[in-house]
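Good morning. Please have a look at the structure on the screen, and I will talk through a few of its parts.

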Amino acid sequence: MPQDVQDNPLLDSRDLRLPRIADPCVMVMFGITGDLARHKLLPAIYDLANRGLLSPAFSLVGVGRRDWSDDDMREYVEKSAREGARTEWSPAIWEQLAAGMRFVTFSDFEDDEAYSRLTDVVAELDGTRGTKGNRAFYLSIPPSYFPAVTERVANSGLVDEAPGSWRRVVIEKPFGHDRASARELDELVGRIVRPDDVFRVDHYLGKETVQNILALRFANTMFEPLWNQGYVDHVQITMAEDIGIGTRAGYYDTIGAARDVIQNHLLQLLALTAMEEPTSMDAAAVRAEKEKILAAVTLERDGVLDLDATTARGRYDAGFQGGVPVKGYTEEDGVPEESTTETFAAVRLEIANRRWAGVPFYLRAGKRLARRVTEVAVVFKKPPFLPFDAAATAGVGANAIVLRIQPDEGITMRLASKVPGTYMELRDVTMDFGYGASFNDESPEAYERLILDALLGDAPLFPHQREVDLSWRILDPVIEHWAASGAPEGYRPGSWGPAGADELLARDSRTWRRS
């Protein structure tokens, strides 16, 4: 809390006009030389500092295998921040940040001597920068390195409890590659901090439009009474990308579309869309409702588990996209010719509770699709009776509320309206709310919000281990089924995926939205 708020009884710390400023701390970033840090984390840290949301004492220690001095790291961070920051460059803010930057060279993550140097550097910053012993460890590294890092951090004394200070760990997805490995990962991180001090980053949960799902549902009387099986026909959740895997073959071919996107992003969107109203926006209250939904999710259709009927997967072929020739997935650099990894995944889920009984949730994600879009579409049932001639309603579909997550953030409502004229003819029209048109303030970048919340110890936007475990419970049978099913079905670049995805909905007499 800002000091002037603490000292002035006339100021209320809950006043939303007063920014919440993070405590002084040292952030130790493993993987600081990686793409994520360069393009997202370091620019976000600079922007937070420039907006006055980091303590002037905030200090950053980079860990990596490069033979860098502290000045080399400062030069690298400055270049990253100048290229990626969204706020104007401030020499004064940069000097303040740079003064607290250090770099520790590791030959590898099993370099015991390097951890001793790291401990000394953090202790020095505690003394010279006044960081009060508060420490955040950002593990932007592959999970395979976690055993070595967590064991040595635990043994180094870096996370030993100190009165009045905190220790937190921030980790990036993937949170394991199945349920068993996710549990192992949780045990590893549990060596160094308590469960409530682990912040698992799902950057989609930091997006304003994702958080707006809760505002739309629980701050407006008109929606919640209709948000159930009595009125909703089905829900479609889509994350489509119009690009291929690029240079990420080494990562992507071991993961695939389902593990990369559905297990985390899309199941979190499902939980937020379907959950009951929490008692508050407190992290524990929101988490409890999300966990209830994920525990109730089933892959069964009409009480029968048939994964051939409720899932679909595909892999993009070579062809043309936007008039440009593109490679097929197995032709991409670094992808084995015999790979069976999917670049498109779709699943049909149901939720076994009173609110959603019988309402299918269709989730799909893929690369090299027709356009880039992430959205949640709540499609309502058609009226049981229409007092209009059939010809008058020929152009009318089902009502829908579409929550646009990216790139055109906002909400669209589709409803029927009379066409101007002397006779009764109805047609679908849309009512649209766009963030850019309605608010002057620019939405913060997701990583700004998530980094700040981790430093504040505010956890509503971070999946808890229980949520991760329940998500793998849902996805593991699908992954195992696909592993025994050979190569995925091919699909044309620039399309909306394989024919099997259309058949998935056709079995229920429905079709995908062509966003």
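Predicted model: local features only at pLDDT ≥ 70, side-chain atom pairs only at ≥ 80, totals over all residues.

I start with a pair of strands. Strand 5, residues 167-172, and strand 6 run parallel and are joined by four bridges.

What is the order of its strands? Read across, it goes 3-2-1-4-5-6: six strands in an open sheet, with parallel pairing. Strand 3, at 101-105, and strand 6, at 198-201, are the edges; each has a single partner strand, so one side of each has no neighbour in the sheet. On average, neighbouring strands here are turned by 20° against each other, direction ignored.

Next, the helices. Helix 2, residues 35-50, lies across strand 1 (26-30), strand 2 (59-64), strand 4 (135-139) and strand 5. Helix 2 runs at about 170° to strand 1. Helix 5, residues 112-129, also packs on the sheet, and the strands it touches are strand 1, strand 2, strand 3 and strand 4. The direction of helix 5 makes about 170° with that of strand 3.

Last, a spot on the surface. Leu386, Phe388 and Met424 form a nonpolar patch there, and together they have about 250 Å² of accessible area. Where is Met424 placed? Met424 sits in the loop between strand 16, which is 410-418, and strand 17, which is 426-434. Its relative accessibility is 42%, so Met424 counts as partly exposed; that class lies between buried, under 20%, and exposed, over 50%.

That is the end of my part.

Methods
Residues numbered from 1 in each chain as written. Heavy atoms only, no water. Pairing = 2+ DSSP bridges. Helix = DSSP H or I, 4+ residues; strand = E, 2+ residues; numbered from the N terminus. Axes fitted to C-alpha atoms, helices over the stretch in contact; angles between N-to-C directions. Contact = heavy atoms within 4.5 Å. Patch = residues over 30% accessible without salt bridge, like charges linked within 9 Å, V, L, I, M, F, W, Y side chains within 5 Å. Areas by Shrake-Rupley, 256 points an atom, 1.4 Å probe, with all protein chains shown as cover. Salt bridge = Lys/Arg side-chain N within 4 Å of Asp/Glu carboxyl O. Buried < 20%, exposed > 50% of the residue type's maximum accessible area, 1.4 Å probe, protein only.
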